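Let us learn to read a fold step by step. Look at the picture, then follow the questions.

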Amino acid sequence: MVVRFGDCAFDGEARELRRAGRTVPLSPRAFQLLALLVEASPRALSHDQLHEALWPDVFVGYSSLAKLVAEVRRAVGDPSLIRTL
């Protein structure tokens, strides 16, 4: 199923994000983060929920999630689509 938001089309099955008709490269973990956010929308996910889903049973620093969020924001082209609460 393709989910559209802004000028993006997210296809989880094809593992593809398109913006304005062009494929946007994402690292595997950033793609996983975007998939989690799309699936949960419009619900917000907590920092702990995201950490557990992205890095189960692994310790990573606080900045790891922030870097992924920044990558996803760049990829979707509209930072307001990915909000931090």
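**Reading helix 3 and its neighbours**

Q: Which elements do the buried residues of helix 3 pack against?
A: Keep in mind that this is a predicted model. The buried residues of helix 3 pack against strand 1 (2-5), strand 2 (8-11), strand 3 (16-19), helix 1 (28-40) and helix 2 (47-54).

Q: Which residues of helix 3 are buried?
A: Use the cut-off: buried means under 20% relative accessible area. In helix 3 the buried residues are Leu65, Leu68, Val69, Glu71, Val72, Ala75 and Val76. They cover an arc of only 160 degrees around the axis, so they sit on the same side of helix 3.

Q: Which exposed residues does the face turned away from the buried side of helix 3 carry?
A: That face carries Tyr62, Lys67 and Arg74.

Q: What comes just after helix 3?
A: Check the backbone angle there. Gly77 takes a positive phi of about 80 degrees.

Q: Which residues of helix 2 are buried?
A: Apply the reading used for helix 3. In helix 2, Leu50, His51 and Leu54 are buried. Seen down the axis, the buried residues of helix 2 fall within an arc of 100 degrees, so they line one face of the helix. They pack against helix 1 and helix 3.

Q: Why does His51 count as buried?
A: Compare its value with the cut-off. His51 has a relative accessible area of 13%, and buried means under 20%. Therefore His51 is buried. This residue is found in helix 2.

Q: Which residues is His51 in contact with, leaving aside its neighbours within four places in sequence?
A: His51 is in contact with Pro56, Val60, Gly61 and Leu65.

Q: Which residues of the largest nonpolar core touch the most other members?
A: Start with the general idea. In soluble globular proteins, nonpolar side chains tend to be buried together. Here the largest nonpolar core has 22 residues. Phe5, Leu17, Leu33 and Leu34 touch the most other members. Strand 2, helix 1, helix 2 and helix 3 each give two or more residues to this core. The largest share, six residues, comes from helix 3.

Q: What does Leu33 touch, not counting residues up to four places away in sequence?
A: Leu33 touches Leu50, Leu54, Leu65, Leu68, Val69 and Val72.

Conventions: Residues numbered from 1 in each chain as written. Predicted model: local features only at pLDDT ≥ 70, side-chain atom pairs only at ≥ 80, totals over all residues. Heavy atoms only, no water. Buried < 20%, exposed > 50% of the residue type's maximum accessible area, 1.4 Å probe, protein only. Helix = DSSP H or I, 4+ residues; strand = E, 2+ residues; numbered from the N terminus. Arc of directions from axis to C-beta. Contact = heavy atoms within 4.5 Å. Core = buried A, V, L, I, M, F, W, Y, C linked by side-chain atoms within 4.5 Å.
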